[in-house]
2 protein chains.
Amino acid sequence: MNYSRQRELILETIRNNVVHPTAEYIHSVLEKTHGSMSIATLYRNLNQLVDNGIIKRIDGLETSSHFDHNTHEHFHFMCEKCKKVYDVSSDVAPDILARAEKELGAEIHGFDIVFRGICNDCK
Amino acid sequence: MNYSRQRELILETIRNNVVHPTAEYIHSVLEKTHGSMSIATLYRNLNQLVDNGIIKRIDGLETSSHFDHNTHEHFHFMCEKCKKVYDVSSDVAPDILARAEKELGAEIHGFDIVFRGICNDCK
DNA sequence: CTATAAAATGATAATTGTTATCAATTATGA
DNA sequence: TCATAATTGATAACAATTATCATTTTATAG
């Protein structure tokens with residue numbers, strides 16, 4: 001990666017924000033402080049920063065929503081190769097809801113855990 | 001909710017699929033077995049089924065990706081009211097990666113936990 | 001049974017978040 | 001300083017999803 005002023009600004013904006021900003025939010029912050037940046041440049045640099053492990057993208061199952069008829073507590077694993085989604089029993093993280101509520105002091109309504117990797121079949 | 005044949009078909013498709021289908025996938029399955037259904041009807045019914053707790057939507061932080069400069073293991077909480085994203089320490093789920101790998105027999109490259117609810121400030 | 005009101009449908013336009021294209025500009029290092 | 005690779009901005013394209021609205025279905029009170 002060569003140096004670029006724009007990338008520096010983007011990284012700085014992410015580092016200076018306690019919240020975990022969206023591309024949209026970063027764009028609006030930069031607009032106010034340093035004038036407008038091309039939206040393409042922004043997305044391009046975010047992807048590069050993620051690819052180089054400098055920042056992390058937080059998200060679940062890629063672009064589109066997946067649906068599950070099993071509404072009981074359990075988690076998911078998506079194979080990066082075949083894109084299949086497997087169930088993971090809630091035993092892998094016992095008491096997780098209570099622990100998180102205690103730490104945050106928040107009222108938790110729900111949560112999802114999504115693991116990503118290579119499934120048994122694809123290995 | 002009144003009865004509707006279309007909704008019945010959608011629910012049946014989700015229940016008969018081991019994978020956790022996307023809207024796109026459900027649409028293509030129904031196309032083959034029962035002829036085409038309007039894409040609007042499909043999305044409308046999926047939302048209704050989720051709202052009534054009959055199925056669950058699996059996803060992370062809503063529509064757009066959020067970015068995080070902290071690349072160490074930790075989780076997230078999003079307040080449904082103010083939309084702020086808070087960090088949650090990885091202590092709430094110790095050994096979760098090893099446990100999940102053991103259960104699945106898979107090679108896990110990463111995972112996200114996203115809690116949703118009302119934060120301390122908004123309560 | 002009807003009549004009627006509420007709910008649901010399908011076609012399609014619109015929206016949103018993101019990526020691709022491509023010509024012009026900038027960074028790097030021999 | 002010149003050549004090459006990387007980066008930019010403007011804009012078109014795309015994919016997933018939602019909104020609009022006229023038509024059709026469903027539920028139900030009389």
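Let's start at Val85(B), a residue that is buried, with a relative accessible area of 6%. The cut-off behind that word is a relative accessible area under 20%. The model you are looking at is a predicted one, so please read each value here as computed from predicted coordinates. Val85(B) is found in strand 4 of chain B, which covers residues 85-89. Along the chain, Val85(B) and Cys119(B) are 34 residues apart, while their C-alpha atoms are separated by 9.4 Å.

Staying in chain B, let's turn to a pair of helices. Two packed helices are described by the angle between their axes and the distance between the axes. For helix 2 (residues 23-34) and helix 3 (residues 39-51) of chain B, the axes come within 11 Å and cross at roughly 125°. On the side of helix 2 of chain B, the contact is made by Ala23(B), Ile26(B) and His27(B); helix 3 of chain B brings Ile39(B), Leu42(B), Tyr43(B) and Leu46(B). Sorted by class, this contact has six nonpolar residues, one polar residue and no charged residues.

Now for chain A, beginning with the overall layout. Chain A has four helices and five strands, and from the N terminus on its elements run α-α-α-β-β-β-β-α-β. Of its 123 residues, 45% count as buried. If you take the contacts in chain A with a separation of 6 or more, residues 24 or more positions apart account for 48% of them.

Among the helices of chain A, how do helix 1 and helix 3 pack? Helix 1 (residues 5-15) and helix 3 (residues 39-51) of chain A pack at an angle of about 70°, and their axes are 10 Å apart. The range from 65 to 115 degrees counts as roughly perpendicular, and these two helices of chain A are therefore roughly perpendicular to each other. The crossing of helix 1 and helix 3 of chain A is right-handed. Residues from helix 1 of chain A that take part are Gln6(A), Arg7(A), Ile10(A), Leu11(A) and Ile14(A), and they meet Thr41(A), Leu42(A), Asn45(A), Leu46(A), Gln48(A) and Leu49(A) in helix 3 of chain A. By class, the contact between these helices of chain A has six nonpolar, four polar and one charged residues.

Next, have a look at His74(A), which lies in strand 3 (residues 74-79) of chain A. Is His74(A) buried or exposed? Its relative accessibility is 11%, so His74(A) counts as buried. The side chain of His74(A) is joined to that of His76(A) by a polar contact of 3.2 Å, and to that of Asp87(A) by a polar contact of 3.3 Å. Leaving out residues up to four places away in sequence, His74(A) touches Asp68(A), Asp87(A), Val88(A) and Ser90(A).

Our last stop is Lys123(A), found in the segment after strand 5 (107-118) of chain A. Lys123(A) is exposed, with a relative accessible area of 55%. Not counting residues up to four places away in sequence, Lys123(A) touches Ile118(A), and also Gly105(B), Ala106(B) and Glu107(B). Lys123(A) and Arg5(A) are 118 residues apart in sequence and 41 Å apart in space, C-alpha to C-alpha.

Note on methods:
Residues are numbered from 1 along each chain as its sequence is written. Chains are lettered from A and ligands numbered from 1 in the order in which they are written. This is a predicted model: local features need pLDDT of at least 70, side-chain atom pairs count only at pLDDT 80 or more; totals for chains, interfaces and linings use all residues. Side-chain values use heavy atoms; hydrogens and water are left out. Axes are lines fitted to C-alpha atoms, for helices over the stretch in contact, and angles run from 0 to 180 degrees between N-to-C directions. Angles under 35 degrees count as roughly parallel, over 145 as roughly antiparallel, 65 to 115 as roughly perpendicular and the rest as oblique. A crossing is left-handed if the near helix is turned anticlockwise from the far one by less than a right angle, and right-handed if clockwise. Contact means heavy atoms within 4.5 Å. Ala, Val, Leu, Ile, Met, Phe, Trp, Tyr, Cys and Pro count as nonpolar, Asp, Glu, Lys and Arg as charged, and the others, Gly among them, as polar. Buried means under 20% relative accessible area, exposed over 50%, partly exposed in between (1.4 Å probe, protein chains only). A polar contact is a pair of N or O atoms within 3.5 Å; within protein, one must be able to donate a hydrogen and the other to accept it, and residues adjacent in sequence count only if both atoms are side-chain atoms.
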